[in-house]
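Visitor: Hi, could you walk me through this one? I'll ask as we go.

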Amino acid sequence: MKLSEIASIISSEFNSDDMDITGINTLLDANENEISFVSNSKYIKDIKNTKAGAVLISKDLLEYIPTSTVALVTDNSYWSMAILSKHFAPLIEDESLDTPSIGEGSKVSAKAEIANGAVIGKNCTILAHVYVGANVVVGDNTILYPNVTVYRDCKIGSDCIIHANTVVGSDGFGFATNGMGEHKKIYQNGNAIIEDDVEIGSNTSIDRAVFGTTLIKKGVRIDNLVQIGHNCEVGEYSVFVAQSGSAGSTKFGRNVVMGGQSASAGHLSVAPFSTFAARSGITKTIKESGKTYAGFPLMEHKLWMKLQAKISRLLKK
Amino acid sequence: MKLSEIASIISSEFNSDDMDITGINTLLDANENEISFVSNSKYIKDIKNTKAGAVLISKDLLEYIPTSTVALVTDNSYWSMAILSKHFAPLIEDESLDTPSIGEGSKVSAKAEIANGAVIGKNCTILAHVYVGANVVVGDNTILYPNVTVYRDCKIGSDCIIHANTVVGSDGFGFATNGMGEHKKIYQNGNAIIEDDVEIGSNTSIDRAVFGTTLIKKGVRIDNLVQIGHNCEVGEYSVFVAQSGSAGSTKFGRNVVMGGQSASAGHLSVAPFSTFAARSGITKTIKESGKTYAGFPLMEHKLWMKLQAKISRLLKK
Amino acid sequence: MKLSEIASIISSEFNSDDMDITGINTLLDANENEISFVSNSKYIKDIKNTKAGAVLISKDLLEYIPTSTVALVTDNSYWSMAILSKHFAPLIEDESLDTPSIGEGSKVSAKAEIANGAVIGKNCTILAHVYVGANVVVGDNTILYPNVTVYRDCKIGSDCIIHANTVVGSDGFGFATNGMGEHKKIYQNGNAIIEDDVEIGSNTSIDRAVFGTTLIKKGVRIDNLVQIGHNCEVGEYSVFVAQSGSAGSTKFGRNVVMGGQSASAGHLSVAPFSTFAARSGITKTIKESGKTYAGFPLMEHKLWMKLQAKISRLLKK
């Protein structure tokens with residue numbers, strides 16, 4: 001899409017040279033053909049370092065923009081980005097893509113739906129009522145149980161098992177809100193990637209990224225009814241027990257264990273080999289690896305045990 | 001159904017004029033062609049004000065019934081109502097209804113099922129393995145992702161997006177229990193209405209009303225794995241984050257934010273612009289609008305922060 | 001499978017008489033044609049009492065094995081059992097089984113999938129996009145709403161209602177982990193049985209047993225988004241409210257009520273007529289019946305109320 005067209009869509013003044021914009025991305029991840037956005041002065045350092053071809057930006061931050069980046073001034077750059085995101089959303093299905101490719105030895109139910117552009121590896125089992133979206137790639141020996149839905153552009157590795165009614169790649173929970181309290185959807189144009197040897201339980205939701213990728217690494221085990229927010233990264237061999245979840249953009253190291261009904265806030269980093277007891281609530285980055293936590297607010301498990309003993313003594317006062 | 005027939009079904013004595021009864025409803029919502037029920041003396045005021053044509057009622061409350069309402073005396077009016085509810089349940093599917101109507105420009109997968117009586121608007125996208133039940137009405141431009149189920153008689157507005165494997169209109173959790181601890185299903189003969197511009201995540205459950213309507217108002221955003229109980233009302237632009245939920249009959253004002261894994265008890269009222277942190281548990285009506293809460297028991301967020309600091313000091317004692 | 005073959009699969013020395021092994025089971029449940037496993041000295045009593053034909057066992061526990069049981073020595077018997085479990089897993093679908101049998105008066109959507117070996121009773125309603133696996137037995141008058149998935153070998157009783165997108169019989173969350181933190185799937189070769197007159201809400205997951213059966217007894221009511229772990233037993237007329245759950249192998253007596261978002265740890269026993277308030281967390285066996293609990297850590301509800309009052313007074317200090 002032409003940058004001049006983008007300026008017109010968001011009603012911003014345009015008086016630079018025109019250029020092709022291929023997508024939206026964050027300040028630090030955008031390349032010279034992408035547009036980014038910023039409205040908060042806490043990102044001044046990122047503005048200075050951006051390689052984005054253009055940025056949706058509020059007037060007061062204009063001075064920090066690199067000379068190689070075109071500024072499109074807007075009162076609410078997050079709202080403008082939301083408007084723009086729809087224009088970069090691909091078709092849900094695209095009949096012009098190749099008919100699906102099914103590898104040797106794979107069994108695909110006649111009652112499954114494999115969209116054009118999908119590529120299924122060898123010796124897979126795809127049961128009835130599964131939906132595999134456009135351009136999805138599935139490795140070898142993978143089993144998709146009935147009623148699994150995989151949205152377009154996602155990737156599932158080899159030797160994976162995804163249990164019934166689980167969803168991979170549904171839209172992350174993203175929207176801008178204006179002063180009237182109205183919401184504008186931010187189209188989630190990223191994807192989700194499930195690496196090899198991952199097992200996911202039933203009725204679980206793995207959201208796709210807004211930009212980039214939600215990543216579930218090799219050997220991960222995810223139980224039933226788990227929520228993985230957009231842009232999360234779950235490290236190798238990590239374990240999410242039933243009804244646990246994470247808000248968006250949190251990075252879990254390898255062999256993290258999230259107990260039943262535990263959860264993490266978004267935009268955090270969790271050190272490898274951390275264990276969280278059932279109902280733990282993580283609200284801060286965990287830097288030291290190998291410890292066990294409990295509670296909400298979170299603390300080390302042994303402290304939590306001690307604290308509960310102290311609390312119970314209140315009954316005797 | 002004839003009132004005399006109802007009396008016979010629940011084994012109640014019948015010696016009034018006969019009449020046609022078209023449905024069951026609450027004391028205050030029932031009209032002169034409907035039957036209601038009451039067994040608890042705390043509803044005496046409602047009995048006095050009911051416009052119901054008939055009421056299932058325990059002997060001790062008979063004196064409060066208006067002269068225009070016929071009383072059917074029963075030992076356990078709630079159990080009797082449960083028995084009766086089955087007789088008012090419509091067929092799940094009804095082949096005598098019109099073949100579905102699909103609006104211009106709408107794309108419906110050959111692997112979706114649209115039941116007779118359904119009316120789909122213009123430019124909708126209905127993907128594989130979606131189920132749209134009898135008499136369901138869907139507005140224009142709405143997207144139903146794969147494996148979405150919409151039960152009969154529900155309505156989905158225009159410009160809505162419902163993500164994969166979400167259910168709209170499943171039965172609310174309703175049953176009567178007798179002295180032996182056995183349960184009798186209360187058929188949920190109401191519906192669920194999703195207004196325009198609503199987005200609902202994946203694997204979410206929105207229950208239909210027992211009578212009347214579960215209502216999700218314009219512009220609401222609901223995330224993945226959320227539970228909305230029967231007869232709830234969610235106000236305009238309210239937000240339910242992943243794994244949050246509400247028990248039945250709670251009314252949320254506009255722009256309420258329910259954090260991740262938060263929940264509300266049933267039969268409450270929540271003031272507009274209230275915000276509930278992750279894991280909040282609402283057990284009382286919130287009257288004042290615009291405040292932020294946390295915890296279970298619930299308190300203002302700043303108090304909760306202070307309280308957690310006080311609690312952590314117990315460790316030093 | 002020959003025991004000599006098993007020894008070869010797990011690289012264990014084999015110098016006993018050969019025999020046929022029909023399955024894997026626990027020390028106490030295994031019969032003379034089954035193989036069991038043990039690596040922990042706390043099960044010495046069970047080793048002494050096992051009737052298993054063979055046992056995967058660590059060297060240090062060899063002395064406790066009955067003379068009628070063959071020992072296969074292995075460094076990590078749990079890991080060896082995981083490897084072995086795959087070899088006892090039946091095919092997901094098996095075309096050599098009989099074509100499905102559908103009882104008189106049952107309506108099965110042309111868009112449902114009923115696998116070979118399944119037997120559906122009389123007057124059932126099976127809606128579009130339902131999946132009924134191999135050898136599944138469904139009783140009479142049962143309703144399976146759209147997108148329900150029932151895995152192979154499970155049983156659903158008569159007069160049951162299973163709401164949309166619910167899964168019965170998905171694999172329990174079972175795996176062995178080695179010293180490198182890598183996981184090996186334990187194939188869940190048991191099943192799940194739902195007895196008569198059970199209603200299960202939408203988007204709920206009932207896992208199949210690793211060995212034996214996950215059992216939901218007569219008259220149980222399970223709401224939406226509930227997790228029932230492998231090998232649980234839920235007693236007659238028990239009630240699980242939305243978003244509640246249980247880890248594996250816990251036995252609930254009759255008429256237990258699990259409030260919204262409550263949960264139980266695994267391997268416990270919960271006395272009949274126990275009631276757990278919303279968000280309760282059960283971590284110990286409940287022996288006395290008929291009491292009401294709350295909190296996490298769990299305590300009697302009246303104590304929890306008192307404790308919350310005490311805690312709130314900390315704010316005044």
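Visitor: How many residues of chain A are in contact with chain C?
Guide: In this predicted model, 36 residues of chain A are in contact with 32 residues of chain C. Contact here is a matter of C-beta atoms, placed from the backbone, lying within 7 Å. Residues are numbered from 1 along each chain as its sequence is written, and chains are lettered from A, with ligands numbered from 1, in the order in which they are written. Local features need pLDDT of at least 70 and side-chain atom pairs count only at pLDDT 80 or more, while totals for chains, interfaces and linings use all residues.

Visitor: What classes do the residues on the chain A side divide into?
Guide: The side of chain A that touches chain C has 13 nonpolar, 16 polar and seven charged residues. Ala, Val, Leu, Ile, Met, Phe, Trp, Tyr, Cys and Pro count as nonpolar, Asp, Glu, Lys and Arg as charged, and the others, Gly among them, as polar.

Visitor: And what about chain B against chain A?
Guide: There, 36 residues of chain B are in contact with 33 residues of chain A. The chain B side divides into 13 nonpolar, 16 polar and seven charged.

Visitor: What rotation superposes chain B on chain A?
Guide: A rotation of 120° with 0.0 Å of shift along its axis, at an RMSD of 0.0 Å. That is the relation of a three-fold axis. The two copies use different surfaces, as 17% of the contact residues of chain B recur in chain A. The superposition is by least squares on the C-alpha atoms of residues with pLDDT of at least 70 in both copies.

Visitor: Switching topic: how is chain A divided into domains?
Guide: Domain 1 covers 3-87 and domain 2 covers 101-304, with bounds from an automatic or database domain assignment. Their centres, taken over C-alpha atoms, are separated by 30 Å. At the boundary, 13 residues of domain 1 of chain A are in contact with ten residues of domain 2 of chain A.

Visitor: Which element gives the most on the domain 1 side?
Guide: Helix 3 of chain A, with seven residues. By class, that side of domain 1 of chain A has six nonpolar, five polar and two charged residues. Helices (H or I, at least four residues) and strands (E, at least two) are DSSP runs, numbered from the N terminus.

Visitor: Take helix 3 in chain C, then. Mostly covered or mostly open?
Guide: Helix 3 (residues 77-87) of chain C is mostly covered, with eight of its eleven residues buried. Buried means 20 or more other C-beta atoms within 10 Å of a residue's own, all placed from the backbone. Among the buried ones are C:W79, C:M81, C:I83 and C:L84. What covers the buried residues includes helix 1 (3-9) and strand 2 (34-38) of chain C.

Visitor: Which residues touch the most other members in the largest nonpolar core?
Guide: A:V132, A:V168, B:V168 and C:V168, out of 279 residues. A nonpolar core is a set of buried Ala, Val, Leu, Ile, Met, Phe, Trp, Tyr and Cys residues joined through C-beta atoms within 7 Å. Leaving out residues up to four places away in sequence, A:V168 touches several residues, including A:V150, A:I162 and A:I206.

Visitor: Last one: how does strand 16 of chain B pair up?
Guide: Strand 16 (residues 167-170) runs parallel to strand 13 (residues 149-150) of chain B, joined by two bridges. Three bridges join strand 16 to strand 21 (residues 205-207) of chain B, also parallel. B:V167 stands opposite B:T149, and opposite B:S205 in strand 21 of chain B. Pairing takes at least two bridges found by DSSP between two strands.

Notes
A residue is buried if 20 or more other C-beta atoms lie within 10 Å of its own, exposed if 12 or fewer, and partly exposed in between; C-beta atoms are placed from the backbone.
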